Amino acid sequence: MFVIQIPVLEKVLRTLLVYVTIVILFRLVGKRDLATFNTFDFVVIFLLSNVVQNAIIGNDDSLSGGVIGAAVLVVINSAFNRWLAASPRASRVLQGKPTTIIEDGHFIKSALRRLALRPAEIDHAIRVQNGDDVSEIGNGRMEPSGQLVLSLKPAEQSATKGDVAHLNARLDSIDAALAALAH
């Protein structure tokens, strides 16, 4: 059980080669942030670990077999994600649709139960996104990717550059009117 069946250097090289191959493959097909991984991406990650396991540990399975398996999984995942991006229908059918979990500053408890979310988890996400509490949120939905998208109520939103420019223009006209009255 404790006897290494292949030379340690070979084990190190196998691990290094598989690691570099996977990094290169993911780099070639494009960058994806871990926060934006979808369900299918996680499936590929889990399958990749199984496919390359024997390539890394050696003995019965070859490195080439593991690398080929990894390449096939990454290419298939890339093609699948491109198909989902190009086909709204496929995306809707295979990934689902967003679920509204907050409306007009109140949690939709049935949606939270269905998604197995606790209000405390959502409160944390609201604070991370610069809100104070759920009462400030006009609409909140959970995307199929797991991302929480929040829209503040209009009264809670920050002023835009256009709002500031409009106020500056009004102040300038008030200043001009006051200056005209003073003369």
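**Notebook: salt bridges and nonpolar cores**

I began with Arg 118, which is exposed, its relative accessible area being 53%. I note at the outset that the model is predicted.

**Entry 1. The partner of Arg 118.** I looked up which residue forms a salt bridge with Arg 118. The partner is Glu 121, and the closest N and O atoms are 3.7 Å apart. Glu 121 has a relative accessibility of 33% and counts as partly exposed. I then searched the whole structure for such pairs and recorded three salt bridges.

**Entry 2. Lys 153 and Asp 104.** I recorded a salt bridge between Lys 153 and Asp 104, with 3.8 Å between the closest N and O atoms. Where do these two residues lie? Lys 153 is in the loop between E4 and helix H7 (161-182), while Asp 104 is in the loop between E1 and strand E2 (106-107), so the pair ties together parts that are 49 residues apart in sequence. I also checked accessibility: Lys 153 is partly exposed at 24%, and Asp 104 is exposed at 51%.

**Entry 3. Glu 143 and Arg 141.** I found a salt bridge here with its closest N and O atoms 2.5 Å apart.

**Entry 4. The largest nonpolar core.** I turned next to the nonpolar residues. In soluble globular proteins, nonpolar side chains tend to be buried together. The largest nonpolar core in this model holds 14 residues. Within this core, I listed Ile 101, Ile 102, Ile 122, Ile 126 and Leu 148 as the residues with the most contacts. I then asked which elements give two or more residues to the core. They are strands E1 (99-103), E3 (137-142) and E4 (148-152), together with helices H5 (109-115) and H6 (119-128). Helix H6 supplies the largest share, namely three residues.

**Entry 5. The surroundings of Ile 122.** I set aside the neighbours of Ile 122 within four places in sequence and looked up its remaining contacts. Ile 122 touches Ile 101 and Ile 102, and is also in contact with Phe 107, Leu 112, Leu 117 and Leu 148.

Key. Residues are numbered from 1 along each chain as its sequence is written. This is a predicted model: local features need pLDDT of at least 70, side-chain atom pairs count only at pLDDT 80 or more; totals for chains, interfaces and linings use all residues. Side-chain values use heavy atoms; hydrogens and water are left out. A nonpolar core is a set of buried Ala, Val, Leu, Ile, Met, Phe, Trp, Tyr and Cys residues joined through side-chain atoms within 4.5 Å. Buried means under 20% relative accessible area, exposed over 50%, partly exposed in between (1.4 Å probe, protein chains only). Helices (H or I, at least four residues) and strands (E, at least two) are DSSP runs, numbered from the N terminus. Contact means heavy atoms within 4.5 Å. A salt bridge is a side-chain nitrogen of Lys or Arg within 4 Å of a carboxyl oxygen of Asp or Glu.
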